[in-house]
Amino acid sequence: MSKKVKIIGILFVAALLVGFSVFNYVFHGGARDLATEEAAFTVTSKNISTEFAANVAGATKKYSDKAIAVSGIVTSVTDSIVTIDNTIICNFKTPDTTIKNEQAITVKGRLVGFDDLMGELKLDQCTINKNN
């Protein structure tokens, strides 16, 4: 009986370790620092919006989950969300008080989706692109 208990205990501890490792990998293994990454694409807000309007599937495949630099004119600033040319929604980790309405800007972020109903592209982990 004690041998069975030891085996069950060892299997239980092994399952806990595997579960913890999987949890840690899923929630922390994919973290990226986009601020230090090179932008895979540099585009204007108008060009990328036109590309998505013409071919959503192709543009999504091309840009999704990649670091991209998008330039345009700031049309709205609300806390940590900046809108460029009414079509690019940029989520910053923290509010950037240097960004003002009507300012020409280039941001770098990760494309996370396209809202075809509103015609908006959504970027997260945004930073002001210092390379332009």
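Ile-89 stands opposite Lys-122 in strand S6. Strand S4 (residues 88-92) and S6 (residues 120-128) run parallel and are joined by four bridges. The model is predicted.

**Strand S4 and its partners**

- Four of the five residues of S4 are buried, so the strand is largely enclosed by the rest of the structure.
- Strand S3 (residues 81-84) also pairs with S4, in the antiparallel sense and over four bridges.
- Within this pairing, Asn-91 in S4 is the bridge partner of Ile-81.
- The hairpin of S3 and S4 has three residues between the strands, and Asp-85 in this hairpin takes a positive phi near 50 degrees.

**Aromatic pairs**

- The count of aromatic pairs comes to three.
- In the pair of Phe-41 and Tyr-63, the ring centres are 4.9 Å apart and the planes are at 70 degrees; angles over 60 count as edge-to-face, so this pair is edge-to-face.
- Phe-41 belongs to strand S1 (residues 41-44) and Tyr-63 to helix H3 (residues 56-63), so the pair ties together parts that are 22 residues apart in sequence.
- Ring pairs link Phe-41 and Tyr-63 with Phe-52 and Phe-114 into a cluster.

**Exposure of the Phe-41 and Tyr-63 pair**

- Tyr-63 has a relative accessible area of 1% and is buried, because buried means under 20%.
- Phe-41 has a relative accessible area of 25% and is partly exposed, because partly exposed lies between the 20% limit for buried and the 50% limit for exposed.

Key. Residues are numbered from 1 along each chain as its sequence is written. This is a predicted model: local features need pLDDT of at least 70, side-chain atom pairs count only at pLDDT 80 or more; totals for chains, interfaces and linings use all residues. Side-chain values use heavy atoms; hydrogens and water are left out. Buried means under 20% relative accessible area, exposed over 50%, partly exposed in between (1.4 Å probe, protein chains only). Helices (H or I, at least four residues) and strands (E, at least two) are DSSP runs, numbered from the N terminus. Two strands pair if DSSP finds at least two bridges between them. Rings of Phe, Tyr and Trp (its six-membered ring) pair if their centres lie within 6.5 Å; planes under 30 degrees apart count as stacked, over 60 as edge-to-face and the rest as tilted.
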